[in-house]
Amino acid sequence: MELPAPLRQGIERLLENVPLATLKQAAKTLSDRYRAELRDGRLHMAEGVAVQAYLATRLPATYAAVRASLDALSDAKPSFQPKSLLDVGAGPGTVLWATTDLWPDLEQAVLFEASTAVRKVGETLAADTIRTRTRWLAGDATIDLADLEPADLVTCAYVLDEIVPASLPKLIDRLWQLTADTLLIVEPGTPAGWQRILAARRQLIEAGAHVLAPCPHQVPCPLASPDWCHFSRRVARSRLHRLAKDADVPWEDEKFIYVAASRDVPMSSQARVLAPPKSGSGKVLLKLCQEDGTASERLFTKRDGADFKLARRLDWGDRLASE
């Protein structure tokens, strides 16, 4: 998955004069903070150089994860055409770019972000390119959401991992209050990220939400540790990305987990592929999360006819939709 051309070009312009040594050190510091899931009261991207490192090394991957999650949401609810977006913890506008790429008719967006440095970069990237009426707001997601207006689509991507666990239930409750139609939460595809999504999912269901994706059911997750639910998208690395990370491989796999919840009951539910398919001569083995709340492997062979042809085309994260 690649970034929209205007976004990619805007990032290149912002980074063209940044010394490589500076970018490499900032990228390492940023990566170390994310991996450690530090919650020390400091913003990961409080300074401009950290934002530059994020643009070079993280934004392409988070964009891919967000866009894949939005695609799954849209696939589960094809009638959904949001006119308004509220993105909490917006960063440099990653969700805005992914949402307007999928739904070009989005009319208005409110982007809520604590870091001044990130907001300035986000406004610069979107200026004269994003047609949606956009308003950037400053504030702490855990205490400053009281005066916001509800939106058709509310998003919170790669944010929960930066918040003290004790503050999460109140944040999830407020996000749902602000959701006029559909809420999407995206987290890193780690066991810890999965646990945060599970907790949010439980809380949303108790509040009356209907899960759209990835789960095809409302019952507790059938997976148990050391297994965990997550998905992956392969992202092409730019030359600058490879240099900043001292990477030899021209791509990386971004693992992520998400939950999309709606105020409406889903029209239909289909099993979802939970792992890379295992293919052999005349057969495909899929690990599926089923509509009845179970998870199991299912073997498809040529004798299954159309179902086998469908199974051969499916990838990790897809729904087992009928032809």
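Helix H4 passes helix H5 in a right-handed crossing. The structure is a predicted model, and the description that follows should be read accordingly.

**Helices H4 and H5**

H4 spans residues 59-76 and H5 spans residues 94-102; their axes come within 9 Å and cross at roughly 45 degrees. The two helices are therefore oblique to each other. On the H4 side, the contact is made by Leu59, Thr62, Tyr63, Val66, Arg67, Leu70, Asp71 and Ser74, which meet Thr94, Val95, Trp97, Ala98, Thr99, Asp101 and Leu102 in H5. By class, the residues of this contact comprise 8 nonpolar, 4 polar and 3 charged.

How many of the 9 residues of H5 are buried? The number is 7, so H5 is largely enclosed by the rest of the structure. The buried residues of H5 are Thr94, Val95, Leu96, Trp97, Ala98, Thr99 and Thr100.

**Helices H3 and H6**

Gly48, Val51 and Leu55 of H3 meet Ala117, Val118, Val121 and Leu125 of H6. This contact divides into 6 nonpolar residues, 1 polar residue and no charged residue.

H3 is mostly covered, since 7 of its 10 residues are buried. These buried residues are Ala50, Val51, Ala53, Tyr54, Leu55, Ala56 and Thr57.

| Helix pair | Angle between axes | Distance between axes |
|---|---|---|
| H4 and H5 | roughly 45 degrees | within 9 Å |

**Strands E4 and E5**

Strand E4, residues 151-157, pairs with strand E5 in the parallel sense over 6 bridges. Within this pairing, Leu153 stands opposite Thr182 in E5. Strand E5 covers residues 179-188 and is mostly covered, with 9 of its 10 residues buried.

**Backbone geometry**

Most residues other than glycine have a negative phi, and most peptide bonds are trans. Several positions in this model depart from that pattern, and they are described in turn.

Tyr158 has a positive phi of about 55 degrees although it is not a glycine. This residue lies in the loop between E4 and helix H7, residues 168-177. Is Tyr158 buried or exposed? Its relative accessible area is 11%, so Tyr158 is buried, the limit being 20%.

Asp246 also has a positive phi, near 55 degrees, in a residue other than glycine. Asp246 is located in the loop between helix H9, residues 239-245, and strand E8, residues 251-262. With a relative accessible area of 56%, Asp246 is exposed.

Two peptide bonds are cis. The bond joining Ala213 and Pro214 is cis, with omega about 0 degrees. Pro214 lies in the loop between strand E6, residues 210-213, and strand E7, residues 231-236. The bond from Ser225 to Pro226 is likewise cis, with omega near 15 degrees. Pro226, too, lies in the loop between E6 and E7.

**Two further residues**

Pro104 lies in the loop between H5 and strand E2, residues 108-112. At 45% relative accessibility, Pro104 counts as partly exposed. Pro104 and Ile130 are 26 residues apart in sequence, while their C-alpha atoms are 9.2 Å apart in space.

Thr301 belongs to strand E12, which runs over residues 295-301. Its relative accessibility is 17%, and Thr301 therefore counts as buried. Which residues is Thr301 in contact with, leaving aside its neighbours within four places in sequence? They are Gly282, Lys283 and Phe308.

How values were computed: Residues are numbered from 1 along each chain as its sequence is written. This is a predicted model: local features need pLDDT of at least 70, side-chain atom pairs count only at pLDDT 80 or more; totals for chains, interfaces and linings use all residues. Side-chain values use heavy atoms; hydrogens and water are left out. Axes are lines fitted to C-alpha atoms, for helices over the stretch in contact, and angles run from 0 to 180 degrees between N-to-C directions. Helices (H or I, at least four residues) and strands (E, at least two) are DSSP runs, numbered from the N terminus. Angles under 35 degrees count as roughly parallel, over 145 as roughly antiparallel, 65 to 115 as roughly perpendicular and the rest as oblique. A crossing is left-handed if the near helix is turned anticlockwise from the far one by less than a right angle, and right-handed if clockwise. Contact means heavy atoms within 4.5 Å. Ala, Val, Leu, Ile, Met, Phe, Trp, Tyr, Cys and Pro count as nonpolar, Asp, Glu, Lys and Arg as charged, and the others, Gly among them, as polar. Buried means under 20% relative accessible area, exposed over 50%, partly exposed in between (1.4 Å probe, protein chains only). Two strands pair if DSSP finds at least two bridges between them.
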